[in-house]
Amino acid sequence: MAEALLAIAGLSKRYGALTVTHALDLEVVAGTIHAIIGPNGAGKSSLIHQICGTVRPDEGRIRFAGVDITRMAPHRRARLGLARSFQITSVLPEFSVLENVATAVQAQGGSAFRFCRAAAGDGVANEAAAHQLDRVGLLPRAGVVAGRLSHGEKRQLELAMALAARPRLLLLDEPLAGAGPEETARLVGLLREIRRDCAMLLVEHDMQAVFALADTITVLAQGRAIASGPPDAIRADPAVRAAYLGEAH
Amino acid sequence: MRRLVPVVLFAVLAAVPFLPLGQEANFVLLLVSRVMVFGLAALSLDLLLGVGGMVSFGHAAYLAIGAYAVAVLDANDITDVGVVLAVAMGAAGVFALATGAIALRTRGVNFIMITLAFAQMVFFAFGALSAYGGDDGYSLAARNTVLGWPLLKGRGYYWACLAVLVVAYLLCRMLAASRFGRALRAVKQNPARAAAMGFNPVALQLVAMVVGAMLCSVAGVLLANGAEFVSPAYGTWQRSGDLLIMVILGGAGSLHGAIFGSAFVLLLEEGLGRATEHWRLVFGPLLVLCVIFFRGGLAGIGGRRG
């Protein structure tokens, strides 16, 4: 069998006595959605940070698309095709919506060290950006300064920025947090559509959405993977019910 | 309309030598040249601060480096401006590259303090150069020459300052609008997001620091030529502070605002200085009022940017 797109082996991270990631093994196969669930403090966000490169693990290996990225800087991981949305929405507040996405397109297309031609006149990037905005339903707001968007719109923008990078793997840290039912339905539909283009690692508290989307679910508790498998198996797993599902529902 | 503001600004600067100034002509031209030279220094700082989000509190070090390039070469009978500029920009660029690589490992207040510390090192190093007058400074034997011609004298100096300022302004405008500038502005707004997009924040900011340092060293060269005198005082931390005030007052990130800021500070200093020796007592509150009421700086008056 070919190597998974993302392969994590024996990953550990400690802060003093607190172990947030404990000898974790995890794989994301190309073309699938792998969801991570678990109670607060289970180590979900820490895991995302380690995959993105904003936190260095103490032990273990992370391989992405056949490359060892364990100690690679975040921007180089991004250029390999790793895109993310942040748990707390994170856009470029002074740029227009279109500029935000066009900048994301340009970040992937060649060197940033081009000093002469105006970046705003890059028709290819602008067109690609408009296409992604259309996809997430934000095209009518393309000219608005990103800092003035509503919370939900910023979420949509983040997704468009992540997609504009044409990633091979999308890390989504609670993309549905704070979204109303209508917005959630819309975003779930969008994620389902996107999966054809790129794999996803999804951290989410909305169980309905997780079970509707995920091909594989891993349950984290206190930094350990207590269960991993297809949604039906997870739903039936007694350990999971005890640790998590029982509490949440 | 707002796009015309820089054009009008440069047109006014170009018109000053033709005004019927009578006996005051030399004084006015000298004062306006000073505005332009500090405008150039502030402009180069705006590239760091307004475009790149780096609050450098040691920018005057590059003024001093440029000025001392003039002095050291003058002592060795080298006065060609081409050579002087190459040495000044080279030295400033190397210094910015080395210190920036260290300073950019920090953020916020630490970055401010570390840039200040490096600038203080430059200040004391030049003060210790006894061959060039130490703390007392060094008087130039002659102004720099352009291909053997003494063009930096009288009105020639004024035109040289204006020409350099216009070229530097256009260069900064081009950089800010380029892909590099957009990436740099992305880093300024949100470094974590910029890195997640695939930009290398430190590399982008380091390049901006080196370019800003090289431009500022040119201002140092002009300053030394105008005064025909060089001393460590060119690189005091108060001067770094003045440059920051000029940029913020003028409107950080607007580029031409830095020139307004320079004019505002220097002309006010001149005007108030005539009225009272305690001019800073008036200057301080004025500064506070400006920051409170003109959020976008002088360049932002009469409309909001972006």
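Which residues have the most contacts inside the largest nonpolar core? They are Val101(A), Leu169(A) and Ala64(B), and the core to which they belong has 173 residues. A nonpolar core is here a set of buried Ala, Val, Leu, Ile, Met, Phe, Trp, Tyr and Cys residues joined through C-beta atoms within 7 Å. A residue is buried if 20 or more other C-beta atoms lie within 10 Å of its own, exposed if 12 or fewer, and partly exposed in between, with C-beta atoms placed from the backbone. Helix 9 (residues 201-227) of chain B gives the most to this core, contributing 15 residues. Helices (H or I, at least four residues) and strands (E, at least two) are DSSP runs, numbered from the N terminus.

The structure is a predicted model, in which local features need pLDDT of at least 70 and side-chain atom pairs count only at pLDDT 80 or more, while totals for chains, interfaces and linings use all residues. Residues are numbered from 1 along each chain as its sequence is written, and chains are lettered from A and ligands numbered from 1 in the order in which they are written.

Chain A is divided into domain 1 (1-81 + 167-249) and domain 2 (92-166), with bounds that come from an automatic or database domain assignment. The C-alpha centres of these two domains of chain A lie 26 Å apart. Between them, 10 residues of domain 1 of chain A are in contact with 10 residues of domain 2 of chain A; two residues are in contact if their C-beta atoms, placed from the backbone, lie within 7 Å. On the domain 1 side, helix 2 and helix 6 (181-194) of chain A are the elements that give two or more residues, and helix 6 of chain A gives the most, with 3 residues. Leaving aside residues up to four places away in sequence, Val101(A) touches Ala129(A), Gln132(A), Leu133(A), Ala160(A), Met161(A) and Ala164(A).

Chain A also meets chain B: 27 residues of chain A are in contact with 23 residues of chain B. The elements of chain A that give two or more residues to this side are helix 2 (74-80) and helix 3 (97-108). Helix 3 of chain A gives the most, with 5 residues. By class, this side of chain A has 16 nonpolar, 6 polar and 5 charged residues, where Ala, Val, Leu, Ile, Met, Phe, Trp, Tyr, Cys and Pro count as nonpolar, Asp, Glu, Lys and Arg as charged, and the others, Gly among them, as polar.

In chain A, 4 strands form an open antiparallel sheet in the order 2-1-4-5. Strand 2 (18-28) and strand 5 (67-68) of chain A stand at the edges, each with a single partner strand, so one side of each is left without a neighbour in the sheet. Two strands pair if DSSP finds at least two bridges between them; strand 1 (residues 6-15) and strand 2 of chain A pair in the antiparallel sense over 7 bridges. Within strand 2 of chain A, Thr21(A) stands opposite Lys13(A).

Two residues other than glycine have a positive phi: Ala23(A), near 40 degrees, and Leu255(B), near 70 degrees. Ala23(A) is in strand 2 of chain A and counts as partly exposed, with 14 C-beta neighbours inside 10 Å. Leu255(B) lies in the loop between helix 10 (237-250) and helix 11 (256-275) of chain B and is buried, with 25 other C-beta atoms within 10 Å.
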